[in-house]
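Here's a quick briefing to read alongside the model. Have the structure open and follow along topic by topic.

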Amino acid sequence: AVVGLCVFIMAHMIASEIHSMIFKARPSGDGRETCLVTAGTHGIGLEIAKRFAKDGFHLIIVARYEADLARAKGDLMALNSTISVHTLAKDLFGLGAADELCEEVQTLASMYTYFIYVDEYDLYLLSVIHY
């Protein structure tokens with residue numbers, strides 16, 4: 001239980017720091033910005049998605065399992081019912097998965113402002129790309 005609490009606190013702190021870094025340099029938007037978050041159903045990915053949901057960003061969350069995506073979507077919509085949350089069940093370790101993700105995302109959002117890549121298998125490797 002202590003380890004789980006420590007992981008939750010660490011995820012919350014990292015998400016808060018990323019959120020702060022992004023919003024220091026954030027251009028003024030029209031309120032229709034979209035953020036794509038991988039591994040967005042738990043840990044750091046979910047915490048980052050929650051921060052963006054609270055700030056009115058539409059979300060595209062990517063994870064492996066439909067059940068986890070449905071739960072996360074419900075949690076995110078509960079935080080802000082004015083946003084849209086799209087879910088994509090995708091194993092990004094599969095051959096060609098990144099290309100498939102790009103094609104699917106293009107049909108969901110003509111432009112997304114932020115792409116946040118979270119990889120829990122590489123000790124939470126994070127990449128934040130602003131478009």
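**The quick tour**

Starting at the N terminus, the elements of the protein run α-β-α-β-α-β-α-β-β. That comes to 4 helices and 5 strands. Keep in mind that this is a predicted model.

**Overall numbers**

- The protein has 131 residues, and buried ones make up 37% of them.
- Its accessible surface is about 7400 Å², with 59% of that belonging to carbon and sulfur atoms.
- Take the contacts with a separation of 6 or more: 63% of them are between residues 24 or more positions apart.

- Is β1 buried or exposed? The count is 5 of the 5 residues buried, so β1 is largely enclosed by the rest of the structure.
- In a regular strand, side chains alternate between the two faces of the sheet.
- Here T34, L36 and T38 point one way from β1, while C35 and V37 point the other way, and all are buried.
- β1 pairs with β2 in the parallel sense, over 5 bridges.
- Looking across that pairing, you'll find V37 opposite I61 in β2.
- To get from β1 to β2, the chain goes through α2, and this β-α-β crossover is right-handed.

- A39 sits in the loop between β1 and α2.
- A39 isn't a glycine, yet it has a positive phi of about 50°.
- A39 has a relative accessible area of 11%, which is under the 20% cut-off, so this residue counts as buried.

**The nonpolar cores**

- The largest nonpolar core holds 21 residues, and those with the most contacts inside it are C35, F52, L59, I61 and L76.
- Which elements give two or more residues to this core? They are β1 (34-38), α2 (43-54), β2 (58-63), α3 (66-79) and β4 (114-119).
- α2 supplies the largest share of this core, at 6 residues.
- Setting aside neighbours within four places in sequence, L76 is in contact with L46, A49, K50, A53, L59, I61, I83 and V85.
- There's also a second, separate core of 7 residues, and L36, V62, L101 and F115 are among them.

**The aromatic pair**

- How many aromatic pairs does a search of the whole structure find? The search finds 1.
- The pair is F52 with F57: their ring centres are 4.7 Å apart and their planes sit at 85°, so this is an edge-to-face pair.
- The cut-off for calling a pair edge-to-face is planes over 60 degrees apart.
- Both F52 and F57 are buried.

**K54 on helix α2**

- K54 lies in helix α2.
- With a relative accessible area of 55%, K54 is exposed, since the cut-off for exposed is over 50%.
- Not counting residues up to four places away in sequence, K54 touches L79 and N80.
- K54 and T82 are 28 residues apart along the chain, and their C-alpha atoms are separated by 9.9 Å.

Methods. Residues numbered from 1 in each chain as written. Predicted model: local features only at pLDDT ≥ 70, side-chain atom pairs only at ≥ 80, totals over all residues. Heavy atoms only, no water. Core = buried A, V, L, I, M, F, W, Y, C linked by side-chain atoms within 4.5 Å. Buried < 20%, exposed > 50% of the residue type's maximum accessible area, 1.4 Å probe, protein only. Contact = heavy atoms within 4.5 Å. Pairing = 2+ DSSP bridges. Right-handed = clockwise from strand over helix to strand, strands pointing away. Areas by Shrake-Rupley, 256 points an atom, 1.4 Å probe, with all protein chains shown as cover. Phe/Tyr/Trp six-rings, centres within 6.5 Å; stacked < 30°, edge-to-face > 60°.
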